[in-house]
Amino acid sequence: MGCNKKALGALIGSVFMAGATQVLAGSSASMMANTCAGCHGTNGQSAGPASPNLAGVSESYFNDSMKAFKEGTRPATIMDRIAKGYSDEQIETMATFFAGQPVHKAMVPHDAAKAKAGAETYDKSCAKCHDEGGSLPGDDAGILAGQWLPWLEYSMADFKAGNREMPKKMAKQVEKLSDAEIEAVLHYFASQK
Amino acid sequence: MANFTRRKFLQVTGGAVAVSSLGFPAIVGAASKKVVVVGGGVGGATAAKYIRMADSSIDVTLIEPNTEYYTCFMSNEVLSGHRTMDSIKVTYEGLKGHGINVVHDTVTDIDAAGKKVMTAGGQTFAYDRCIVAPGISFANNIEGYDEAAMTSMPHAWKAGEQTVILRKQLEAMDDGGVVAIAAPPNPFRCPPGPYERACQIAMYLRAKKPKSKLIILDAKDKFSKQGLFMQAFERHHAGIVEWVSSEKGGKVTRVDAATNTLYVGDTAHKVAVANVIPAQTAGAIAIKAGLTDDKGWCPIDGRTFESTIHKNVHVIGDASVANPLPKSGYAANSEGKVAAAAVVDLLNGREPGDPALVNTCYSVVGPHDAISVAKVYDLKDGKLNAVEGSGGLTSADSSPEMRAREEEYAYSWFANIKKDSWG
């Protein structure tokens, strides 16, 4: 890390010095991210039944989502209104907090038979970008594994209705799938623990 | 590097530090810092939990009379029969799991100079910082509305037994009866609450007692989410719900509990069920402890929620003057976190950082139909400030599908805020 002992010592000194002057650049990441917990759960681990987990989502996914809500390019009930309260820098600060949380896989109610059928569709049509059952933050495609089912359904309804733009690769795959196959694959994602 | 850090420690703290045999610096002789939280509602519970999450070396005691707590939010759905009392009940087991010392007793006074809290059970608790989250108490704006009247004309504005009384009265009334809600003047707990309540009770009436009516007698001429509620009254509750503003004869000034009559001046409304919500002030302990201003609410510093009257005492939730934040459950949760962070910083000799707050409030106004209001808050020029351009209401032309989603998000709000506060 190439850290400088002297500088580090000074930093530690200032942190422990009572009332020492501290550089305060706005609110801290946890201060801002904790305001989300009333709907998205403590540390972004949602208790459902619909609000999505934020814990473990990648910084770029969080940033893109919030900026899209803010600009009105992603459909929303309330997040468009809330996102308008933050600067891009504040959004980026919150993103670091949620990216640092362990991925939360809740016990999401789902239909086991549909989830089983959905596994095949997943392998065929989704796995390339939503790797490991949709559990990898590095995909930058949100965390779909163990995600709350109504939210998965709303998201897909928005994609299908053309209210939210799909990445080209996704659009190509979704086009080939029947409604039943899509429903099944959402149950598959919800079932992932 | 470890050596350097240790030496720096000794230098800075002037010898109040010893080095353990393992080579880690440890503070010796300094008892852990003590925080006493007065009140185990959403604000108090959240503050206690978030202090322990941020710094588990702080000794936190939460004092709350009730062993079980019923949330005000979603209690309107108990009135419509859409949910049970059990579903709005929380316990303190979750907080105990965070290492919080939960004491079931009633705080009778706070000695701000001596930094201690006294209880009805004869206990005394010393503190370094005290967080007071006392909720509301009722003012005497309606003649004849005393303790006895509350049992026959329930306010149901603190959930629990009062909620049960009102629900039982609704169940017992005959089809064709009139239900009156006397809505309070500003400021009061949960500004959209009386109007969501009207919607919830109206759903019950339409299903079970369709000849009945509900009249809102209001001490105000306008109210929270008014346009959206008026739409909802029309959409779902036409012919049942009627709102009467103060200037049109809605301001209840007197009640007669013996005859279940509400008076607006000389005009009498004799009704089958009377839900009387009086004007409000900060909870009784805040008044007793001298934390209130001449209007009966607790002025605070927006950065830390520390009382501007008594040092080392922070006041959060409905009792505080936190304008422009409303007196809502979500605001109390958000304020609890700000106070917790400030207390942790102050007890560790750091300057508290900038606060960040949010309010999000849902009202379930019909079957699969909910509306919301939200806002983001920060500190500007030392004062709490609503961030320009943030938040606002559900759009008036929001589709039924989007309002159905909002209902699911309302229930998500409920599940998560309960767990975030008490879990």
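Predicted model: local features only at pLDDT ≥ 70, side-chain atom pairs only at ≥ 80, totals over all residues.
Start with α4(A), which runs over residues 59-71. Its 13 residues reach 18 Å from the first C-alpha to the last, close to the 18 Å expected at 1.5 Å a residue. Tyr61(A), Phe62(A), Ser65(A), Met66(A), Phe69(A) and Lys70(A) are the buried residues here. They cover an arc of only 160° around the axis, so they sit on the same side of α4(A). Their cover includes α5 (79-83) and α6 (88-99) of chain A. Just past the end of the helix, Gly72(A) takes a positive phi of about 80°.

Over in chain B, α2 (residues 42-54) packs against α12 (residues 400-422) at an angle of about 55°, the axes being 7 Å apart. The two helices are therefore oblique to each other. Val42(B), Ala45(B) and Thr46(B) come from α2(B) and meet Asp420(B), Ser421(B) and Trp422(B) of α12(B). That makes for three nonpolar, two polar and one charged residues in the contact.

Now for the backbone. Most residues other than glycine have a negative phi, and most peptide bonds are trans. Gly48(A) and Pro49(A), though, are joined by a cis bond with omega about 0°, and Pro49(A) lies in the loop between α3 (37-40) and α4 of chain A.

Positive phi turns up at Lys225(B), near 55°, and at Asn312(B), near 65°. Lys225(B) counts as buried because it has 21 C-beta neighbours inside 10 Å, whereas Asn312(B), with 15 other C-beta atoms within 10 Å, is partly exposed.

How values were computed: Residues numbered from 1 in each chain as written. Chains lettered and ligands numbered in written order. Axes fitted to C-alpha atoms, helices over the stretch in contact; angles between N-to-C directions. Helix = DSSP H or I, 4+ residues; strand = E, 2+ residues; numbered from the N terminus. Parallel < 35°, antiparallel > 145°, perpendicular 65-115°, else oblique. Contact = placed C-beta atoms within 7 Å. Nonpolar A, V, L, I, M, F, W, Y, C, P; charged D, E, K, R; others polar. Expected span 1.5 Å × (residues − 1). Buried ≥ 20, exposed ≤ 12 C-beta atoms within 10 Å, placed from the backbone. Arc of directions from axis to C-beta.
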